[in-house]
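I note each pair in turn, with the residues that make the contact.

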Amino acid sequence: MKGTKSRYNVLVVEDNLGDYVLIADYLEDTNIIKKLFKAEDFKNAKQILSEPENEIDIILLDLSLPDKDGEPLLKAVHLLSQNKPIIILTGYPDADFAIKSLALGASDYLLKDVLNSTVLHKSILYNIERNKILVNLRKSEQRYSDLFHFSPLPMWVFDQETLKFLDVNDAAIQHYGYSYEEFLEMDITQIRPKEDMPALNRSRKMERKPHENIFHGEFTHLKKNGERITVEIRSNSFEYKGKKAQIILVNDVTERNRHIEAVEKQNEILKDIAWTQSHVVRAPLARLMGLVSVLRDGKIEENQKENFYEHIQKSAEELDVIIKGVVDMSQQIEINKGEE
């Protein structure tokens with residue numbers, strides 16, 4: 001057998017001494033064994049698998065043991081295997097059980113009658129490498145699942161055909177007030193006001209390419225308590241459990257928009273104040289300056305002074321009204337700040 005750099009800890013669970021010796025000889029020929037463990041019954045196999053320092057890489061399992069056999073044995077060993085590959089070795093060709101055993105967690109199903117070192121070598125390497133890929137795939141799926149469920153922004157997945165929610169994250173549950181089960185009984189139209197249905201239908205008709213991120217703009221959504229919120233929507237199309245689906249990322253911009261609206265109102269008030277100062281104030285002020293200048297230069301008759309004083313008084317009162325108006329508008333800005 002051609003040598004290989006990798007060596008593995010192999011557990012052979014076999015109660016028949018003759019079969020075990022034959023399997024051990026085949027394994028020795030494979031030249032891939034770092035340490036060989038032997039278990040004659042389930043109790044012994046459980047003990048070996050429960051000791052972390054043994055670091056078992058693969059299990060060769062005979063399904064007829066003195067203390068457990070068949071499907072219950074396979075299920076029990078699978079629970080103890082910590083996702084390590086299990087190769088069933090049996091002397092009984094049963095196609096139905098062979099298929100079922102793969103569904104129950106077995107990685108391969110080999111007949112002892114056709115077993116040899118080459119078959120065993122290929123099966124061990126194939127199943128160990130395939131198991132590494134599966135483990136990495138599960139970890140990757142778990143990472144994506146964590147990113148989805150632990151996202152601080154509401155996210156959900158919905159069926160493109162039925163519009164039913166297929167999955168929602170914790171942030172969506174907390175933000176919208178529906179439980180996970182309630183969400184899965186609903187479709188996406190139930191969080192939209194009726195007047196938004198045309199916009200939703202237009203958005204659904206947008207051409208989508210798989211895994212293309214699309215920004216849809218702002219929409220109105222409804223919480224369970226009836227509160228309306230303004231949200232920005234981003235989506236991406238993908239296949240979810242065999243269905244054409246979209247994943248949605250929601251950003252609630254209700255408070256942001258209110259803040260922008262308040263700032264715009266304040267800007268309008270500031271513009272009015274500036275206009276008042278530059279135009280309205282100038283007229284009475286110019287009159288006052290002109291009247292005072294005439295009085296100071298002594299260019300009027302004594303009998304005209306009373307009339308001048310009245311004009312000065314009137315201009316001063318007009319200026320006072322304008323200044324009070326400016327103060328009122330300034331106080332309105334402070335009130336608006338307090339409402340934010």
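Entry one. I looked up which residues join α1 to α5 in this predicted model, and found that I23, Y26, L27, D29 and T30 of α1 meet S117, L120, H121 and I124 of α5. Sorting the residues of this contact by class, I counted five nonpolar, three polar and one charged. I then took the geometry of the pair: α1, residues 17–30, and α5, residues 117–149, pack at an angle of about 70 degrees, and their axes are 8 Å apart. Angles of 65 to 115 degrees count as roughly perpendicular, and α1 and α5 are therefore roughly perpendicular to each other. For the handedness I noted that α1 passes α5 in a right-handed crossing.

Entry two. I turned to α2, residues 42–50, and α3, residues 70–80, which pack at an angle of about 15 degrees with their axes 10 Å apart. That angle makes α2 roughly parallel to α3, since angles under 35 degrees count as roughly parallel. The crossing of α2 and α3 is right-handed. On the α2 side I listed F42, K46, L49 and S50 as making the contact, and on the α3 side L73, A76, V77 and L80. By class, the residues of the contact between α2 and α3 divide into six nonpolar, one polar and one charged.

I asked myself at what angle α9 and α10 pack, and how far apart their axes are. For α9, residues 254–280, and α10, residues 282–297, I found an angle of about 30 degrees and axes 5 Å apart. The two helices α9 and α10 are therefore roughly parallel to each other. I recorded Q277, S278, H279 and V280 of α9 as making the contact with R282, A283 and P284 of α10. The contact of α9 with α10 holds three nonpolar, three polar and one charged residues.

I left the helix pairs and looked up which residues are buried in α8, residues 197–204, where I found A199, L200 and S203. They lie on the same side of α8, because they cover an arc of only 100 degrees around the axis. What do the buried residues of α8 pack against? I noted that they pack against β8, which spans 214–222.

Key: Residues numbered from 1 in each chain as written. Predicted model: local features only at pLDDT ≥ 70, side-chain atom pairs only at ≥ 80, totals over all residues. Heavy atoms only, no water. Axes fitted to C-alpha atoms, helices over the stretch in contact; angles between N-to-C directions. Helix = DSSP H or I, 4+ residues; strand = E, 2+ residues; numbered from the N terminus. Parallel < 35°, antiparallel > 145°, perpendicular 65-115°, else oblique. Left-handed = near helix turned anticlockwise from the far one by under 90°. Contact = heavy atoms within 4.5 Å. Nonpolar A, V, L, I, M, F, W, Y, C, P; charged D, E, K, R; others polar. Buried < 20%, exposed > 50% of the residue type's maximum accessible area, 1.4 Å probe, protein only. Arc of directions from axis to C-beta.
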